[in-house]
Amino acid sequence: MPVAAIRNGTVIDHIIAGQALKIVRLLKLAQHHKLVTLGLNLPSKTMGYKDIIKVEDWELPSEKANQVVAVLSPKSKISIIQNYEVVKKFQVSLPSLITNIFACPNPKCISNHESAPTTFTITPRHQMILLQCKYCRKTFSLNDIVSSI
Amino acid sequence: MSFKQRDVITVNDFSKEEILYLLNHIQHIKSIPSSNILKGSVLGSCFFEPSTRTRLSFESAMLKLGGSVLGFSDMQLTSAKKGESLHDTFKMLHHYADVLVIRHPLEGSAQLAADASDAPVINAGDGANQHPTQTFLDLFSIQESQGRLEDLNIALVGDLKYGRTVHSLAQALIHFKPRLYLISPAGLEMPKDVCNELREKGVKFSFHQTIDEVIEKMDVLYMTRIQEERFASHLEYALIKQNYVLKKEQLAQVKPSFKIMHPLPRVFEIEAAIDQTPYAYYFQQAQNGLYTRQALLALILGKL
């Protein structure tokens, strides 16, 4: 197994290849002082290639999983591990709102000038995910939002 | 349907029925522009960047209906100069007024102010973003001059890329199925996101570079100013702008009901000789701004 099993903690699996590092940054996993193991570009029967993140002694809340992971990798699966056993498993689902995770790409948006928590409304459209800023009301593609992460 | 205590941030927050409801009330207020229905109410006029027409229009609207006004017209006169956040400013201001109007250079500022304030907030322009009361008065003026809003041939002319009035007007007109003619210099076309929205909602539109191509078919010609700072050089600006100046001689074959509108200030783009023709509607349009803001204030304060 390219990435070792963990005793207790969280596994974020079936991440679209290339997105794991963005997820690590958005979840601030490097600041947790927990053991984090990453697998990048692992072979996958269903996806071709995938990323995987394992975090020891930390449980990812489902709401956070949906706010961060679902946007970057909508088909990812979260497993909560206790004593090497999977005690909880769920697939992330796209929320309707994302609050205080992403910055607005519009440099003239008030949210980039005051410490206001950003909120985006999520709209799937034609295989794409669109995010509308609550303040400036501009609509962005996922690429616009995550390109600066 | 109620506008009571409602924030007015963007025209997109209003349904077709709500827009028509408002237009009906503008017509009603126009018949009684002075009264005391807002006696005892206070308008907070919060202009963080300069405005003459919009600010005076709001203040006059309030005063003519018996209300009072307090506020400021320059950010330098406020605690924003000391670094106070917009959030904190409106968290304080809502104690002093029953309704707040804001113009601010940053986009989304009106929404942030509305979130901080318990009093309703009206967006009088947030940067290059939205100016909903301008759109409401534009719609009222179109309806007044044409007798209807549905199925009109409307040309939007000038700086369509940076002009917040034309973005907002195009989006609001979606409800009324116009045929739009988008006339602008190369490089100042209507932005893709507005065009995508028009396309998705089934609005027919086309791009043009001259007014003469389409003027005979138009019901309404909505002119906007092209600003020199959008061009790389003064020479380029001088060469291009002359194609977007409306002259009296161009009106020879227009429809009898044809009307010319402009959000003002008009600089060079409409020849002064046109003012005396029956086609000029921009001054009535500006006057309708007073009635529009009166109707909005009265509805928001629950007095209509």
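Tutor: A definition comes first: a residue is called buried when its relative accessible area is under 20%, and exposed when that area is over 50%. The model is a predicted one.

Student: Is Cys109(A) buried or exposed?

Tutor: The cut-off for buried is under 20% relative accessible area. Cys109(A) has a relative accessibility of 0%, so Cys109(A) counts as buried.

Student: How many disulfides does the structure hold over all chains?

Tutor: A pair of cysteine sulfur atoms has to be within 2.5 Å to count. For Cys104(A), the nearest cysteine sulfur belongs to Cys136(A) and is 3.8 Å away, and Cys104(A) is in no disulfide. Cys109(A) is in no disulfide either, with the sulfur of Cys133(A) as its nearest cysteine sulfur at 3.8 Å. Over all chains, the number of disulfides is 0.

Student: Is Cys104(A) buried or exposed?

Tutor: Buried requires a relative accessible area under 20%. The relative accessibility of Cys104(A) is 5%, and therefore Cys104(A) counts as buried.

Student: Turning to the interface, what area do chain B and chain A bury between them?

Tutor: The contact draws 16 residues from chain B and 13 residues from chain A. On the side of chain B, Leu106(B), Glu107(B) and Leu112(B) lose the most area to chain A, together 42% of what that side buries. Carbon and sulfur atoms account for 49% of the area buried between the two chains, which is about 1,200 Å².

Student: Which residue of chain B forms a salt bridge with Arg137(A)?

Tutor: The count of salt bridges between chain B and chain A is 3. A salt bridge needs a side-chain nitrogen of Lys or Arg within 4 Å of a carboxyl oxygen of Asp or Glu. In the salt bridge of Arg137(A), the closest N and O atoms are 2.9 Å apart, and the partner is Asp13(B).

Student: Which helix gives the most to the side of chain B that touches chain A?

Tutor: Across the interface of chain B and chain A, 11 residue pairs are in polar contact. Two helices of chain B, H3 (86-93) and H4 (109-116), each supply at least two residues of the side that touches chain A. With 4 residues, the helix that gives the most to that side is H4(B).

Student: How many charged residues has the side of chain B that touches chain A?

Tutor: Asp, Glu, Lys and Arg count as charged. Sorted by class, the side of chain B that touches chain A has 4 nonpolar residues and 8 polar ones, and its charged residues number 4.

Student: How many of the 8 residues of H4(B) are buried?

Tutor: The buried residues of H4(B) are Ser109(B), Ala110(B), Gln111(B), Leu112(B), Ala113(B), Ala114(B) and Ala116(B). Their cover includes H3, strand S3 (99-104) and strand S4 (121-126) of chain B. H4(B) is mostly covered, and of its 8 residues the number buried is 7.

Student: With which side chain does the side chain of Thr54(B) make a polar contact?

Tutor: Thr54(B) is in helix H2 (residues 53-64) of chain B, and its relative accessible area of 7% makes Thr54(B) buried. Leaving out residues up to four places away in sequence, Thr54(B) touches Phe47(B), Arg103(B), Ala124(B), His131(B) and Arg293(B). The polar contact from the side chain of Thr54(B), at 3.4 Å, is with the side chain of Arg103(B).

Student: What is the relative accessible area of Asn66(A)?

Tutor: Asn66(A) sits in helix H2 (residues 62-72) of chain A. Not counting residues up to four places away in sequence, Asn66(A) touches Val71(A), Val92(A), Ser93(A) and Pro95(A). Asn66(A) is buried, and its relative accessible area is 16%.

Student: Which residue does a cis peptide bond join to Leu264(B)?

Tutor: Leu264(B) lies in the loop between S9 and H9 of chain B, and has a positive phi of about 65° although it is not a glycine. At 14% relative accessibility, Leu264(B) counts as buried. The cis peptide bond has an omega of about 5°, and the residue joined to Leu264(B) is Pro265(B).

Student: Is Asn100(A) buried or exposed?

Tutor: Asn100(A) is in the loop between strand S6 (97-99) and strand S7 (119-125) of chain A. Phi of Asn100(A) is positive, near 60°, in a residue other than glycine. The relative accessibility of Asn100(A) is 55%, so Asn100(A) counts as exposed.

Methods. Residues are numbered from 1 along each chain as its sequence is written. Chains are lettered from A and ligands numbered from 1 in the order in which they are written. This is a predicted model: local features need pLDDT of at least 70, side-chain atom pairs count only at pLDDT 80 or more; totals for chains, interfaces and linings use all residues. Side-chain values use heavy atoms; hydrogens and water are left out. Contact means heavy atoms within 4.5 Å. Buried area is the accessible area (1.4 Å probe) that two parts lose on being put together, summed over both. A polar contact is a pair of N or O atoms within 3.5 Å; within protein, one must be able to donate a hydrogen and the other to accept it, and residues adjacent in sequence count only if both atoms are side-chain atoms. Buried means under 20% relative accessible area, exposed over 50%, partly exposed in between (1.4 Å probe, protein chains only).
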